[in-house]
Amino acid sequence: MNLQSLAMATETRATIRETVSRLTTFSSTAAAAWVAGILLLAAAIGLALRALRWRALRRRRMAQLKAQAAERRRAERALKQTEVFYHTLVETLPQMILCKDLEGRFTFANGRFCAELGTTLEEIKGKTDFDFFPRELAEKYRADDRRVLESRQVVDVVERHVTPKGETLFVQTMKTPILGTEGEPIGIQGIFWDVTERMRAEERLKEQNVMLQEMAESERRALEALKAAQSRMVQTEKLASLGQLVAGVAHEINNPLAFVTNNVAVLERDLLDLVELVRLFRKVRDGSGTAEADGGPAATDARIAEVCEQLDLDYCLENLPRIIERTREGLRRIERIVKDLRLFARVDEGEWNEVDLNPGIDSSVNMVQGYARKRGVKVVAEYGDLPAVRCRAARLHQVVVNLLMNAIDACPPEGTVTVRTGPDPEHQGIQIEVSDTGCGIDPEIRGRIFDPFFTTKPVGEGTGLGLSISYGIVEEHGGTIEVHSTPGSGSCFTVRVPLQGRRGGETTRPAEPAQAAG
């Protein structure tokens, strides 16, 4: 720019001199000299302005160059920082990282991969997998590289890896293609790390899962066996209860059976006379009774009078309906007792259903009436209105029978056992109370009466399973058994059962159980 300004100044001065020379030639007057001076001044001013313009342009250009240089230096520093960051990251990651070109030659490897191979990066560059791994494994790695380059997709697999020391490991491998500026593959990048412990842990987990499944299956079979055993125990207790009830039940059946038998004998006797009387009347009606061979009409009338007197026809005709009705009532009583026995002793426990428990409890009370009368104990039932309960009714009926039998056994002659039923709004269910005026229970054994095979009865009179089974049945329904007892003043068992069966929570054993176990 200085050379250009000098040339322009020289050119301007030459122009001015030429102009002045021409003016001097044509005129030598003062006016010509004055004009020449003005022109020279204008030329000088133009030259100065042009020099100022060039100087300002030069300053702007220099500032731009300085800014570009500063930006380039900042970019170089940022690039260097980025390179340092990624280099540090690559070198500190627990994974092994490598890069290869299209021919499978290593172009980069981080420190962990170099340590794995036991060599340096300079010795690795330019070499292939065949220089470090068994041929079969190297061929596999090379085939994987080609697949990644051809598909241009990431490969993420767990595979076996053999170290240069011959150790076999499981490694998680991720391979991705390296693409150029035009999107063409120029190499491949691989990252892999040891997952041997994870794979072994997964194998152990699989083995444990198999063991757990086997244990679950074993537990299921054990649970089924337990249920079957419980069912057998329940049935055994039923049979034991029936053994105690059999004498009373036999007496209950024998009473109606006796007067049914007597009524049938009376009916048989009177029926024979009535048949004879009907036969005589038919002879009279047909006229065969008037024959001389039969003694004539007088003999027939005498025979009719004799049969009527023997039969007491008027009384017989009046009493016959009553005999039939009493016979029918006796048969109904026998039918009810047999029905109660079948209901109590049936093996089929039935499904969970919504039922009114009062009829079944009444049936249970009827079952023990004979046993109670035999021991001189009075059984009183007071039934309240019960809502339908989702339960296994046959099992709850057995609970009632067990409690009744124990209460009867605990009472002295002329004692009283009372059964009460009613709703239990506080616990959203129903409650059944069985109380007695017996001897109560010794506080020392209250905590044991629900234990299996525990009994206070003489040998041969109790299995020790009654209360234990009853507790299990009530617990199965999500209910509770509460016991209040005062020695010498009797006991009261209160069974509470929720309306919707088991509520999901576990029940708690009663804190103060009482009553002789059966």
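The legends below describe an overall view and several close-up views of a predicted model.

**View 1. The whole chain of the predicted model.** The protein has 518 residues, 36% of which count as buried, and its secondary structure consists of eleven helices and twelve strands. Among contacts between residues at least 6 apart in sequence, 64% link residues at least 24 apart.

**View 2. The largest nonpolar core.** This core comprises 38 residues, among which L357, L404, I408, V417 and V495 touch the most other members. At least two residues each are supplied by the helices α9 (357–374), α10 and α11 (466–476), and likewise by the strands β8 (389–391), β9 (416–424), β10 (429–436), β11 (480–486) and β12 (490–498). The largest share, ten residues, is contributed by α10.

**View 3. The surroundings of V417.** When neighbours within four places in sequence are set aside, the residues in contact with V417 include V377, K378, V379 and V380, together with L404, A407, I408 and C411. V434, S435 and D436 are likewise in contact with V417.

**View 4. N402 and its polar partner.** N402 lies in helix α10, which spans residues 393–410. With a relative accessible area of 3%, N402 is classed as buried, because that value falls under the 20% cut-off. The side chain of N402 is joined to that of S470 by a polar contact of 3.1 Å.

Methods
Residues are numbered from 1 along each chain as its sequence is written. This is a predicted model: local features need pLDDT of at least 70, side-chain atom pairs count only at pLDDT 80 or more; totals for chains, interfaces and linings use all residues. Side-chain values use heavy atoms; hydrogens and water are left out. Helices (H or I, at least four residues) and strands (E, at least two) are DSSP runs, numbered from the N terminus. Buried means under 20% relative accessible area, exposed over 50%, partly exposed in between (1.4 Å probe, protein chains only). A polar contact is a pair of N or O atoms within 3.5 Å; within protein, one must be able to donate a hydrogen and the other to accept it, and residues adjacent in sequence count only if both atoms are side-chain atoms. A nonpolar core is a set of buried Ala, Val, Leu, Ile, Met, Phe, Trp, Tyr and Cys residues joined through side-chain atoms within 4.5 Å. Contact means heavy atoms within 4.5 Å.
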